[in-house]
Structures are given as structure tokens and as C-alpha cells.
Amino acid sequence: MRFIHMADVHFDSPFTVLASRENLANERRLEQRKAFADTIEYIKENQIPFLFISGDLYEQKYIRKSTIEYINNLFKEIPNTQIFISPGNHDPYLINSYYMKFNWNNNVYIFKYDIEKIELDDVNIYGYGFSSFYSEGININEIKIDNQKNNILIMHADLDASKEAKELYNPVATRDLLKFDYVALGHIHKP
């Protein structure tokens, strides 16, 4: 199975640290667009059947409709690629979010706030999206795995975080993820 997994693009981030330096924030936003377009071009050239985006594709507070249209137009260039998006803490699935109110291309599937299972021929894809800027977590142990198929989980999560943490971003334990063949996580900007 071939796929691309990405997370934490943060389109339309204000880059406040860079904003004080001559036009660096704007340059960074243009670099983001180029990197994203390059990824879509790679998918197109190599006929990659799946794209997993594990949260924080954009910044809810700052996102512009023109950026959403830019992203969706790129998605239209890869109509044979199934795109699965799991909203995160910066781009939750809210009533006023573009995930809910924008007419996305038909190859795009956006996970909502309950664990969902998409059954395909040789793989089951499970996903979960934030429904607010914080998430107390989901019970991964409730997911029943089909051992006759590959099982992939796509979500934005705080790996091995304490439930006593001041701000909850979907805490999940590594041990609970071991039943999956691949876990496409996003949130912490480190490998």
C-alpha cells in the first residue's frame, strides 16, 4: 500500500515571530504553498492512491477562503487519490469551519468527532477529528480490528501525554496504538 502522510501544515499561520523581520512571514507562507504543491505533484507523478492529513492543515483563526480554494484546486489535480483529513486542534471540525461549510472535491473525506471506519478492499481506515480546540481523548481500545486487512488510524493526538495536563489535545498512549498496522499522527512537530 502506497500513501503520503502529512500533518501540521498550518496554512495561513501569522508566523508572528517572523512578522517583525522584513517580509519573512509572507515568504514562509509562499514556501508552504510551494511545498504543498510539490507534494501534490509527487502524488500525481507517482500515482499515489492515498493522502493522509493528520490535522492542523490550516489555522482556523486566520484561514482565508482563497487558501482553501487553493488547497482544493490542488486536490482536484489528483482525482484518483483518496484524501483523508483528520481535523486537529488548530483546524477543528466546527460549525463555522471550512471543513463543514466548504464544498470539497469528491476525493476528500474529512473525519468528524467520533471514530469513523472506512472499509476498503484491503484496508480499513479509522479516523477521528477534533470538534473543538481541545480534546479529552478518545478510547482507542473500543476500535475492533479486522486482522484480515491492514488497519490504519489517522488522527491528531498528544502521544503519551498525561490526562492531568493543563490543556488536553487528545492524549493517547503508545501501547493503545500497537494493534494498528500504521498510525498517521499529527500534533507534535518532531519525528
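Q: Why is G55 called buried?
A: Buried means under 20% relative accessible area, exposed means over 50%, and partly exposed lies in between, with a 1.4 Å probe and protein chains only. G55 has a relative accessible area of 1% and is therefore buried. This residue is found in the loop between β2 and α3, where helices (H or I, at least four residues) and strands (E, at least two) are DSSP runs numbered from the N terminus. The model is a predicted one, in which local features need pLDDT of at least 70 and side-chain atom pairs count only at pLDDT 80 or more, while totals for chains, interfaces and linings use all residues. Residues are numbered from 1 along each chain as its sequence is written, and side-chain values use heavy atoms, with hydrogens and water left out.

Q: Which residues is G55 in contact with, leaving aside its neighbours within four places in sequence?
A: Contact means heavy atoms within 4.5 Å. On that basis G55 is in contact with A7, D8, S86, P87, G88, D91 and H156, leaving aside neighbours within four places in sequence.

Q: What makes N150 partly exposed?
A: The relative accessible area of N150 is 34%, so N150 is partly exposed. N150 is placed in strand β7 (residues 150–156). Leaving aside neighbours within four places in sequence, N150 is in contact with D122, V123, N124 and D181. N150 and E119 are 31 residues apart in sequence and 10 Å apart in space, C-alpha to C-alpha.

Q: Are H10 and D12 buried or exposed?
A: H10 has 9% relative accessibility and therefore counts as buried. D12, with a relative accessible area of 6%, is therefore buried. H10 lies in the loop between β1 and α1 (16–19), and D12 lies in the loop between β1 and α1. H10 has a positive phi of about 60 degrees although it is not a glycine; for D12, also not a glycine, the positive phi is about 65 degrees.

Q: Why are α2 and α3 called roughly parallel?
A: Axes are lines fitted to C-alpha atoms, for helices over the stretch in contact, and angles run from 0 to 180 degrees between N-to-C directions. Angles under 35 degrees count as roughly parallel, over 145 as roughly antiparallel, 65 to 115 as roughly perpendicular and the rest as oblique. The axes of helix α2 (residues 24–46) and helix α3 (residues 65–76) come within 10 Å and cross at roughly 20 degrees. The two helices, α2 and α3, are therefore roughly parallel to each other.

Q: Which residues of α2 and α3 meet?
A: From α2, R33, K34, F36, A37 and I40 meet S66, T67, Y70, I71, L74 and F75 of α3.

Q: What makes a set of residues a nonpolar core, and which members touch the most others in the largest one?
A: A nonpolar core is a set of buried Ala, Val, Leu, Ile, Met, Phe, Trp, Tyr and Cys residues joined through side-chain atoms within 4.5 Å. The largest has 27 residues, of which F36, L51, L57, F75, I85 and W104 touch the most other members. The largest share of this core, 4 residues, comes from α3.
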